[in-house]
Amino acid sequence: MKIYLYFLLFVMSFAGIAQENIDSEENTQNVFFANKAIYTYTSNKFTVRYIDGKIEVTDTQGTPLLFKEMVPGRLLLDDKNMNFPKINYDAFQDHFLLFSKNAIKSSPDHLPFYQLSDNSIRIVNILEKNKPRTFIHINPSKFSNIPQTRFMEIFTTDPGKAFVLVSYKKIHDKTHRNVEYMVESWDKKYKFKLNKKFYILNPEGFYVETKLGKSSILKLIHDKNHNKDLKHFIKQNHLNLNKPNDVQKLMEYYYLELSNKNSK
């Protein structure tokens, strides 16, 4: 219930209702240790720079960050709520980052970012192109197999009902080029490839990696007694189970309505 109330504060803040928060520029260093400001990438294949408000990577297409530009965000940490105007998720190294002009830069390779303390984060609510998106920190023990990332996107306003998760992991890989681009002037030998993995909460209480789609989801639920009800709900509500938002609706129906009928 406490987490749910905090989440409502997140939504209210983005709707323009004033909330007490910590200003990112004046007080960030009071919240995060100074050494967290020295953020860089150790690789002999690429170098990351922050130039004129944009991430630039040598010899590589794309960036290690999930969002093309820094976006506004609101965080729920262990003991405080905070608003920040520029936040992003490093999908290559699995950290949330804050931009700050006051961040320590001792060399050109050090980026003006504070790395958030991973274990302190509970919820990150961001706005990307005026679309709200929510990420939560998940304990690996809740998965049938240890996931690649600690942070997952959810598709509900209540983290306690997060039945569907998506992880985002960027891999630095070689670019697959057509023959006509095989010239010496080609300077993008690599690319950041985004891998998405979907997880569904199974009846045993563990998140299981799965493909989306009607057959995959119904197979994972594996409830013969309610299979007919589930199919009827899908058809009646015109759900597309290749979309995580629609899968979330189906799972809410299953766990909050069908399962409750069994318990009565």
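At 47% relative accessibility, Lys-249 counts as partly exposed, a value computed, like the others here, from a predicted model. Lys-249 forms a salt bridge with Asp-246, and the closest N and O atoms of this pair are 3.8 Å apart. Both Lys-249 and Asp-246 belong to helix α5, which covers residues 244-263, and they are three residues apart, or about one turn of the helix. Asp-246, with 11% relative accessibility, counts as buried, because its value is under the 20% limit for that class.

## A network around Arg-150

Salt bridges that share partners also join Asp-94, Asp-118 and Arg-150 into one network. In the pair of Arg-150 and Asp-94, the closest N and O atoms are 3.0 Å apart. This pair links distant parts of the chain, 56 residues apart, since Arg-150 is in the loop between β10 (131-137) and β11 (151-154), while Asp-94 is in the loop between β6 (81-90) and β7 (95-99).

Arg-150 also meets Asp-118 in a salt bridge, at 3.1 Å from N to O.

## Burial of the network residues

Arg-150, at 28% relative accessibility, counts as partly exposed, whereas Asp-94 counts as buried at 4%, and Asp-118 counts as buried at 9%.

## The whole structure

A search of the whole structure finds five salt bridges, among them the pair of Lys-249 and Asp-246 in helix α5.

Notes: Residues are numbered from 1 along each chain as its sequence is written. This is a predicted model: local features need pLDDT of at least 70, side-chain atom pairs count only at pLDDT 80 or more; totals for chains, interfaces and linings use all residues. Side-chain values use heavy atoms; hydrogens and water are left out. A salt bridge is a side-chain nitrogen of Lys or Arg within 4 Å of a carboxyl oxygen of Asp or Glu. Helices (H or I, at least four residues) and strands (E, at least two) are DSSP runs, numbered from the N terminus. Buried means under 20% relative accessible area, exposed over 50%, partly exposed in between (1.4 Å probe, protein chains only).
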